[in-house]
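The paragraphs below go through a structure step by step. Keep the sequence and the coordinates at hand while reading.

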Number of protein chains: 2
Amino acid sequence: MRVYNFSPGPSALPLEVLERAAKEMTDTNGTGQSVMEMSHRSKDYKPIFERTEALLRELMGIPSNYKVLFLQGGASLQFSMIPLNLAAGEQGSAKKKAVYIDTGVWAKKASDEAAKYAEVSIPASSKDKAYAYIPAAPKADSDAAYYHITLNNTIVGTKWASIPDTGAVPLISDISSCILSEPLDVSKFGLLYAGAQKNLGPAGTTVVIIREDLIGHAPAWTPALLRYDIHAAEASMYNTPPCYGIYIIGLVLEWLKNLGGVSVIAQKNREKANLFYSYLESSKHFLSPVEKVSRSLMNIPFVPRETDPEKRKDIETRFVKEAGAAGLVNLAGHRLVGGMRASIYNAMPIEGVKALIAFAEKFEGSL
Amino acid sequence: MRVYNFSPGPSALPLEVLERAAKEMTDTNGTGQSVMEMSHRSKDYKPIFERTEALLRELMGIPSNYKVLFLQGGASLQFSMIPLNLAAGEQGSAKKKAVYIDTGVWAKKASDEAAKYAEVSIPASSKDKAYAYIPAAPKADSDAAYYHITLNNTIVGTKWASIPDTGAVPLISDISSCILSEPLDVSKFGLLYAGAQKNLGPAGTTVVIIREDLIGHAPAWTPALLRYDIHAAEASMYNTPPCYGIYIIGLVLEWLKNLGGVSVIAQKNREKANLFYSYLESSKHFLSPVEKVSRSLMNIPFVPRETDPEKRKDIETRFVKEAGAAGLVNLAGHRLVGGMRASIYNAMPIEGVKALIAFAEKFEGSL
């Protein structure tokens, strides 16, 4: 029996995508091969790859002066690639400035890694309130190589309510946990990146959307696989790409297109999130720790209103365990922050959110 | 209808592995989830990951003082990681020496990349004869950080007949296209690496087997994801690993274990290769361009005996096309060398080789 999977990533995929992948596993498109067996340069694989890129371009409205790259290494490898390609100079030359806004663990990891290759400044942070809000975005230094934000913060459940205007300084964002969840004006960004394992497909593929003028600035000592220019010149086939992951992403994008695209899923996502936030607002025992204006549509952390640490911990443990037994799995908060968290990505049906609320209400009766 | 897939990688997988993956696609081990949907840190995924590592250790006889890492980026990222971790010094300090033996395109790519971070020497090459043999291995400089070979050369179809003795200098090898094809004494190596997409599973996972004393020597400026120490300390979970690929590798390893393990598959591989080399020896129209003692068990290039370039090209084109139509696919040689090539990895049944020979004999009748 299928469960409702609230995992923050890897996370639930649409059932019909999985069923189609299963059906095509030993013979895809009449080729007599699994996609896993196809040479990445074969005529059998080419249309699969091209369809995935075309669907992503169509659904996100990616302008023609942006390249779409399908890479490996997750968002974490982008934490290195971005400063290496955009701010590191040749050996002996000065590092360029890079601006990072600190909105949580992943934003901090990105800036820590960037500090190896760039002169990093962090003009705003929400650490003072355990990252429970998105800070105002300071103006960018005009000589900064780029300005980095984390559009949706998976662990603390915050989201930038509007895109900061950084003028001529390229805006870069990690959109791993919100890609395709609602419309996004790609043209406001110089570079967007996302690990696939939330709204796109299985772990192991990273999507990078990069404006062409930002390609070609890596110093000579950059590892070949970490250079955007090499990947762009070879259309993501400098070496063997994660072919099967790209195929699954294509199936997910097709599913999304058939649903009506990003504006339709955004409406569904708002409904799902509103339902759960409303429940939390009215709950006697649980609450959202996040400031209203900064709340994520995708990741909703919640904690007991109980303040006694021991009782609180007991409620959390019981909730996660009993929910799991009821087929509502992976509701524990991130190991660094505790509490509970419901990640309700595109593939989570509203029935899953309703089932979670019904469970939580019943659970409250036991408190 | 399934085809016989002679692709050099990604390549054929055992049909029963694909059938099991299809069967478990929407619900694996009674979890109600696809492996693609499982959080990498969940109790559902943990046994899958651990079983894969345990099976690899068992089948390859990996000693306990070696770490097994499941990474991303293919063998190509290892081309950077090896010199970065083992030969690059801190900024300003001298690069260490690294020895590379040039046995073809991939060996050359590895040494080209290493030259960014190490003082590379290439004391032997088989370029003089289009890489159609494995050169004698010169003694290692005692002050070299490591000595790198490519055990099996996918493009030209050569294989080291014996493992060079490099004394105290750690021997490193790319074993992408021969891992698990026959017994290998891991203890003779400091580090072994393999992209999964030949004998292990789908593209997107790289296996690294590294002796513990070689971990922990990366300079501070190394990108985090390119440091062996970080991956080893976090047991390949510093960031989200390619979970589904690791699961498929586990299924392939289970299949191999059920067959009887590496010594049994090696016997089958020798039978398959002998059959095809014998055919080529006796063929009036085709031949193996590789020196007998250096012939690969996995990749068998073959070319027309015809010497007229135009007629030759015509034979090659027709052969690949007509074989494809007969369900024997991906027989073109690498785009850099031309000709034909039959890659007959572990998952290729002997029936596939017999079918190829039968086709080739019939084809010869048309010449």
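Which residues does A:Ala194 touch, not counting residues up to four places away in sequence? They are A:Ile175, A:Ser176, A:Ile179, A:Thr205, A:Thr206 and A:Val207, where contact means heavy atoms within 4.5 Å. A:Ala194 belongs to strand S9 of chain A, residues 191-195. Helices (H or I, at least four residues) and strands (E, at least two) are DSSP runs, numbered from the N terminus. With a relative accessible area of 0%, A:Ala194 is buried; buried means under 20%, exposed over 50% and partly exposed in between, with a 1.4 Å probe and protein chains only. A:Ala75 is 119 residues from A:Ala194 in sequence, yet their C-alpha atoms are 6.0 Å apart.

This is a predicted model, in which local features need pLDDT of at least 70 and side-chain atom pairs count only at pLDDT 80 or more, while totals for chains, interfaces and linings use all residues. Residues are numbered from 1 along each chain as its sequence is written, chains are lettered from A and ligands numbered from 1 in the order in which they are written, and side-chain values use heavy atoms, with hydrogens and water left out.

A:Tyr45 sits in the loop that runs between helix H1 (15-23) and helix H2 (46-60) of chain A. Leaving out residues up to four places away in sequence, A:Tyr45 touches A:Val35, A:Met38, A:Ser39, A:His40, A:Met237, A:Cys243, A:Ile246 and A:Tyr247.

In chain B, B:Thr52 lies in helix H2, residues 46-60. B:Thr52 is buried, its relative accessible area being 0%. Beyond residues up to four places away in sequence, B:Thr52 touches B:Phe70, B:Ile246, B:Ile249, B:Gly250 and B:Leu253.

Some backbone features come next. The peptide bond from A:Gly9 to A:Pro10 is cis, with omega near -10°, and A:Pro10 is placed in the loop between strand S1 (4-5) and H1 of chain A. In chain B, a cis peptide bond joins B:Gly9 and B:Pro10, with omega about -15°; B:Pro10 is in the loop between strand S1 (4-5) and H1 of chain B. A:Ala130 has a positive phi, near 55°, although it is not glycine. A:Ala130 lies in the loop between strand S4 (119-125) and strand S5 (144-150) of chain A and is exposed, at 58% relative accessibility. A:Asn330, again a residue other than glycine, has phi near 65°. A:Asn330 is in the loop between strand S13 (328-329) and strand S14 (340-343) of chain A and is partly exposed, at 22% relative accessibility.

How do the two chains meet? Chain B gives 62 residues to the contact and chain A gives 62 residues. Together the chains bury about 4,500 Å², of which 57% is on carbon and sulfur atoms; buried area is the accessible area (1.4 Å probe) that two parts lose on being put together, summed over both. On the side of chain B, B:Pro10, B:Met36 and B:Glu37 lose the most area to chain A, together 14% of what that side buries.

Two salt bridges are counted between chain B and chain A, a salt bridge being a side-chain nitrogen of Lys or Arg within 4 Å of a carboxyl oxygen of Asp or Glu. A:Glu37 forms a salt bridge with B:Arg2, and the closest N and O atoms are 2.7 Å apart. The elements of chain B that give two or more residues to the side touching chain A are helix H1 (15-23), helix H3 (74-86), helix H4 (105-114) and helix H6 (243-259).

A rotation of 180° with 0.0 Å of shift along its axis superposes chain B on chain A, with RMSD 0.0 Å; copies are superposed by least squares on the C-alpha atoms of residues with pLDDT of at least 70 in both. That is the relation of a two-fold axis. In chain B, the C-alpha of B:Ala22 is nearest the axis, 2.1 Å from it. Both copies use the same surface, as 100% of the contact residues of chain B recur in chain A.
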